Amino acid sequence: MKKINFNNEWFVRGVNNSTKYSVTLPESVMNILLENNEISDPYYRDNEDQALEIAKNDYKFWKKFNVDQSLIEHENISICFHGIDTVAEVSINDQFVAKTENMHRVYEWDIKPYLELGENELQVTLYSPLNYIKEKQADDPLIGVHHAVEGFQHLRKSHSMFGWDWGPKIPDLGIWRDVELLAWNENRISRVHVKQDHSDTQDQVNVSVEVDLEKEPDGIETAVLLTSPKGKKREIICMQTDKRKSFSLIVDNPTLWWPAGYGEQSLYSIEVILKKDGKVIDKQTKQIGLRTIYVRHEKDQWGKSFEFVINGYPLFMKGANYIPEDNLLPRLSKQRTERLIEDSVAANFNMIRVWGGGHYPEDYFYELCDQHGIIVWQDFMFACSVYPMNDDFKKNVIQEASTQIKRLRHHACLGIWCGNNEVEEAMEYWGWPKREDWRESYIELFERDLRDQVAIHDPQTFYWPSSPSSGGSFDNPKDPNVGDVHYWDVWHGQKPFTDYRNYHFRFCSEFGFQSFPSLKTVETFTVPEDRNIFSRIMEKHQKNDDANGKILYYLSENFLYPKNFDTLLYTSQLLQAEAIKYGVEHWRRNLGRCMGALYWQLNDCWPVASWSSIDYFGRWKALHYYAKKFYDPILLSIEESEKEASIYITNDTLKSKSGHVEWKLRNNKSEVIEEGAMNFKVDPLTAKACANLNFSETINEMTKYHTYLEATLYIDGSYYSQTSVIFCKPKHFVFLDPKLSVKVEDKADHFELIINAEAYTKYVEIETTAGELPLSDNYFDLSANEPKHIKISKERVNESLNENMIKLKSVYHINH
Ligand code: BMA
């Protein structure tokens with residue numbers, strides 16, 4: 001098959017405007033106007049407001065292309081759009097070809113009848129998404145979240161582009177993925193479906209490759225080539241006599257694919273080649289990983305489990321929820337996604353949930369997850385609303401689902417298909433009218449049609465109707481003991497962090513806490529006068545109602561009043577990091593009963609105050625450094641109460657771990673009051689309390705404001721990690737001036753920072769003027785005169801580093 005990339009040499013203009021711009025796809029209207037200085041950066045100050053006006057207009061994209069004799073001679077010529085955003089009419093030489101209403105679909109149309117020898121013109125008219133949803137909403141008023149433009153759910157376009165509680169209202173228009181012209185004769189591959197059946201002992205896998213042809217074959221020879229991670233090749237070749245043929249390859253002693261932290265991400269490749277008369281007429285290649293993944297959802301002593309079993313092992317899933325990486329889609333890139341996935345692995349993630357209010361990410365997102373061992377929880381793109389249920393809408397979404405399932409099903413990383421985000425919960429608990437027709441159509445779409453699509457096209461992947469859910473049918477979707485849960489009482493419900501400890505969810509797929517991005521990020525969208533969290537511009541970049549009030553409420557509960565704007569931003573990040581740590585450590589101490597924690601949210605789509613742990617510019621907030629620690633495969637954690645503390649080891653690995661833990665009860669100068677040590681052995685995939693300490697003799701009303709407990713973990717005699725807890729709110733603890741200092745040493749492949757404190761301090765933040773540096777740790781606690789060594793790999797440092805380029809602060813500096 002001949003594939004001609006059609007991304008180049010397009011023109012764009014407003015339908016009622018004669019100014020034309022020449023562009024290369026993928027491209028969007030906002031981005032084009034921005035690049036041509038027609039508008040200013042929509043992420044700066046309140047420029048977002050201009051976007052809604054732009055999105056009220058229609059735009060025309062067109063391209064001229066030449067058709068020669070050799071092209072027109074093909075029996076079949078089609079045009080393939082991998083992504084049109086969204087309401088569009090496509091024509092060729094002024095003849096109507098098709099209409100589109102779904103950015104999540106891939107469209108291919110036969111265009112041979114419209115082509116002429118010589119010059120041709122392909123036109124795409126994009127219609128205002130705002131006008132579209134306005135009309136539809138007037139006809140069929142539907143309920144959804146209030147932070148998005150009303151009626152957003154009528155259009156199969158990323159919901160969050162219409163605004164979300166972390167996203168701007170920039171409902172852009174464009175052609176957001178590649179366009180290709182396809183020309184072929186005789187036959188081609190229409191789909192390849194790879195299935196794998198593992199023997200019980202995991203020493204043999206039957207890889208079956210189902211090849212479907214577009215037309216009844218006539219003299220077609222099909223070859224299926226399997227290449228192992230080490231380059232060993234196996235091939236089956238035969239004449240294909242039917243449209244569908246299955247090829248079976250037995251792999252003995254397979255090299256299994258493992259999620260991050262459990263082994264290699266070994267990938268096999270499968271190549272399917274079609275030949276006619278000895279000539280290759282089409283081919284397709286897919287990378288697969290040999291592994292088993294299923295979700296065990298069975299009755300047990302607590303309710304009904306929800307655990308991912310991978311290669312036979314029930315593994316605790318650690319990670320976060322992923323939203324679109326940018327509201328302006330042409331700004332997406334493989335490099336950005338790669339950094340995000342690498343940063344996820346660096347924080348010990350093994351799962352990312354692709355949340356249902358955005359779009360289905362690019363192929364490279366899944367390829368990177370395959371390569372880095374991140375299991376993907378894949379929502380279908382539905383979130384927080386009631387959907388129209390007319391036949392056209394239904395046909396459209398079923399087509400979308402089958403396209404996406406076929407695109408993604410072979411990926412090693414794909415762990416689960418999930419019908420939607422919070423639709424079942426919303427319809428049950430958010431006070432919406434419980435209309436019978438809405439509830440019936442919900443069941444039809446999410447519990448029948450999408451389930452059927454997965455059963456037909458990807459029967460080896462588990463389907464879950466909604467997140468959260470207890471299995472469906474509006475049967476107590478928030479049940480803490482069944483299925484997955486979104487827990488928001490800390491944050492939305494303003495409960496204290498300790499409230500996490502009241503629950504032993506089976507799988508917590510969402511819980512979160514907001515923070516402000518760092519000052520460097522705030523500076524990108526503000527002028528100095530804006531730098532007050534209640535200024536109009538800062539509020540423009542805060543999309544959650546009452547969120548600033550919530551941050552201040554939790555601040556008042558936990559910390560002293562910050563001395564300035566910068567420190568307020570810093571303290572908000574400490575609150576966020578502490579909150580999420582409270583939840584995760586608790587659930588990981590209950591490993592076995594709880595089997596997953598995915599915090600809300602990993603990333604941002606523009607610079608904003610939000611629940612993210614990595615901001616729009618890729619800067620790690622305190623939470624991301626905390627995630628690296630609280631998701632460590634071997635977690636040392638302390639469950640403290642007023643005068644008691646239990647020290648736990650959680651072992652997520654497949655090997656038993658032994659070592660010893662030393663603990664010290666110390667005062668604020670780090671003088672030791674009491675100490676002890678104990679040996680431990682923790683079995684694979686278990687958590688265990690190694691010590692239950694009672695300090696009722698030592699901790700009293702007088703001492704509790706300057707006493708802390710520190711625990712240090714040694715595995716097989718070597719230092720592994722350290723943690724500390726205090727027995728009162730940080731705002732009441734008497735922190736002395738830690739007189740933080742730093743020494744920089746230039747080592748062969750890295751810089752080493754040696755950070756010292758002269759009194760106990762918490763949340764030591766290292767900032768450098770040398771840009772964003774990959775620090776081995778940040779936001780850590782320090783005991784007096786026990787310096788910490790931090791490594792900075794030289795990969796991202798352009799200049800040499802010295803002490804003057806390092807800025808340190810800690811909890812003491814919130815008000816000093
Ligand atoms: C969750 C998500 C999002 C939302 C977030 C923060 O429940 O599913 O819809 O952005 O809460 O409120």
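What is the mean pLDDT of the protein chain, and what percentage of its residues reach 70 or more? The mean pLDDT (the predictor's confidence in each residue, from 0 to 100) is 97, and 100% of the residues reach 70 or more. The structure is a predicted model, in which local features need pLDDT of at least 70 and side-chain atom pairs count only at pLDDT 80 or more, while totals for chains, interfaces and linings use all residues. Residues are numbered from 1 along each chain as its sequence is written, and side-chain values use heavy atoms, with hydrogens and water left out. Confidence in the protein chain is lowest in strand E45 (residues 788–793), where the mean is 93, and highest in strand E28 (residues 375–379), at 99. Helices (H or I, at least four residues) and strands (E, at least two) are DSSP runs, numbered from the N terminus.

An open sheet is formed by 6 strands in the order E3-E2-E5-E11-E8-E9, with antiparallel pairing; two strands pair if DSSP finds at least two bridges between them. Strand E3 (21–23) and E9 stand at the edges with a single partner strand each, so one side of each is left without a neighbour in the sheet. From one strand to the next, the twist averages 25°, where axes are lines fitted to C-alpha atoms, for helices over the stretch in contact, and angles run from 0 to 180 degrees between N-to-C directions.

Within this sheet, strand E2 (residues 10–14) and strand E5 (residues 59–67) run antiparallel and are joined by 5 bridges. Arg13 has Lys60 in E5 as its bridge partner. E5 also pairs with strand E11 (residues 118–126), in the antiparallel sense, over 9 bridges. There, Lys60 is the bridge partner of Thr125 in E11, and Phe61 stands opposite Val124 in E11.

Ser91 lies in strand E8. Its relative accessibility is 14%, so Ser91 counts as buried (under 20% relative accessible area, with exposed over 50% and partly exposed in between, for a 1.4 Å probe and protein chains only). The side chains of Ser91 and Gln123 make a polar contact at 2.7 Å. A polar contact is a pair of N or O atoms within 3.5 Å; within protein, one must be able to donate a hydrogen and the other to accept it, and residues adjacent in sequence count only if both atoms are side-chain atoms. Not counting residues up to four places away in sequence, Ser91 touches Phe96, Val97, Glu121, Leu122 and Gln123, contact being defined as heavy atoms within 4.5 Å.

Helix H4 (residues 129–139) has Pro129, Leu130, Tyr132, Ile133 and Gln137 buried. These residues cover an arc of only 160° around the axis, which puts them on the same side of H4; the arc is that of the directions from the helix axis to the C-beta atoms. Packing of the buried residues of H4 is against helix H2 (48–54), strand E8 (87–92), strand E9 (95–101) and strand E12 (162–164). The exposed residues Lys134, Glu135, Ala138 and Asp139 are carried on the face of H4 turned away from its buried side. At the start of H4, the backbone nitrogen of Leu130 has a side-chain oxygen of Ser128 within 3.1 Å.

A further open sheet has 4 strands in the order E1-E15-E6-E10, and its pairing is antiparallel. Its edges are strand E1 (2–5) and strand E10 (107–110), each with a single partner strand, so one side of each is left without a neighbour in the sheet. The twist in this sheet averages 20° from one strand to the next. Strand E6 (residues 76–81) is joined to strand E15 (residues 179–184) by 6 bridges, and the two run antiparallel. Asn76 of this pair stands opposite Trp184 in E15.

Leu274 is found in strand E21 (residues 268–276) and counts as buried at 0% relative accessibility. Leu274 and Val224 are 50 residues apart in sequence, with a C-alpha to C-alpha separation of 9.0 Å in space. Apart from neighbours within four places in sequence, the contacts of Leu274 include Arg188, Ile189, Leu213, Ile220 and Val280.

Glu428 is placed in helix H8 (residues 423–429) and is buried, with a relative accessible area of 17%. Not counting residues up to four places away in sequence, Glu428 touches Lys434, Arg439, Phe474 and Pro477.

Strand E39 (residues 707–715) and strand E40 (residues 718–726) run antiparallel and are joined by 8 bridges. Ala711 has Thr723 in E40 as its bridge partner. The hairpin of E39 and E40 has 2 residues between the strands, and Asp716 takes a positive phi near 45° in this hairpin.
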